[in-house]
Amino acid sequence: MNICEDRDEYWMYRAISMAEKARDRGEVPVGAIVVANGALQGEGWNCPIGLSDPTAHAEIQAIRDASVKIGNYRLVGCELYTTMEPCLMCVGAILHARLDRVVFGARDPKAGCVLSVHRLFEDPVLPYRVAFRGDVLAPICVELLQAFFRERRAILRNLSR
């Protein structure tokens with residue numbers, strides 16, 4: 001494993017801790033952080049239910065937090081770590097924020113817009129390029145999501161009895 005991979009795993013564990021906060025609040029367990037120059041700049045977790053806000057995805061929350069801390073809506077020189085492949089909305093926010101790089105854990109076969117459904121960071125029409133790496137600590141990220149939905153299905157089954 002090289003230094004970059006060690007660094008990516010270190011920060012992904014921090015994003016996983018944010019996903020656990022979402023899970024503990026009854027939200028889909030997705031977490032994200034923004035890093036610049038080896039320092040945490042922003043963090044967020046899914047909270048669209050709690051905030052009654054469909055845009056309150058973990059990535060958006062982390063970008064908002066970092067923008068306030070840095071004092072700029074442009075996050076040039078920053079990297080986003082997220083436990084799940086970003087959706088269309090989050091890819092748009094990443095592009096507008098001018099993040100340099102995105103690292104994600106679990107792929108999203110239904111709505112992922114980096115590798116799964118669309119490959120927007122590779123779209124030649126878009127004026128800005130974002131480097132990316134997927135599948136970092138994917139088994140942990142996937143298990144968090146699967147356990148959450150298993151528990152939800154069990155609750156629904158028990159309610160219908």
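The buried residues of helix α3 pack against β1 (31-36), β2, α2 (48-51), β3 and α4 (88-97); contact here means heavy atoms within 4.5 Å. These buried residues are A58, E59, I60, Q61, A62, I63, A66 and S67. A residue is called buried under 20% relative accessible area, exposed over 50% and partly exposed in between (1.4 Å probe, protein chains only). Helices (H or I, at least four residues) and strands (E, at least two) are DSSP runs, numbered from the N terminus.

The model is predicted: local features need pLDDT of at least 70 and side-chain atom pairs count only at pLDDT 80 or more, while totals for chains, interfaces and linings use all residues. Residues are numbered from 1 along each chain as its sequence is written, and side-chain values use heavy atoms, with hydrogens and water left out.

After α3 comes G71, with a positive phi near 80°.

The sheet is open and mixed, with five strands in the order β2-β1-β3-β4-β5. Its edge strands, β2 (39-45) and β5 (131-133), each pair on one side only; two strands pair if DSSP finds at least two bridges between them. Strands β3 (residues 78-84) and β4 (residues 101-106) run parallel and are joined by five bridges. Within β4, F104 is the bridge partner of T82. Helix α5 (residues 138-159) packs on the sheet, where it touches β3 and β4, and its direction makes about 60° with that of β4. Such angles run from 0 to 180 degrees between N-to-C directions, with axes fitted to C-alpha atoms, for helices over the stretch in contact.

The structure holds 10 salt bridges, each a side-chain nitrogen of Lys or Arg within 4 Å of a carboxyl oxygen of Asp or Glu.

D8 is buried at 0% relative accessible area, whereas R133 is partly exposed at 24%. Both belong to a salt-bridge network that links R7, D8, E79, R101 and R133. D65 and K69 are four residues apart in helix α3, a separation of about one helical turn.
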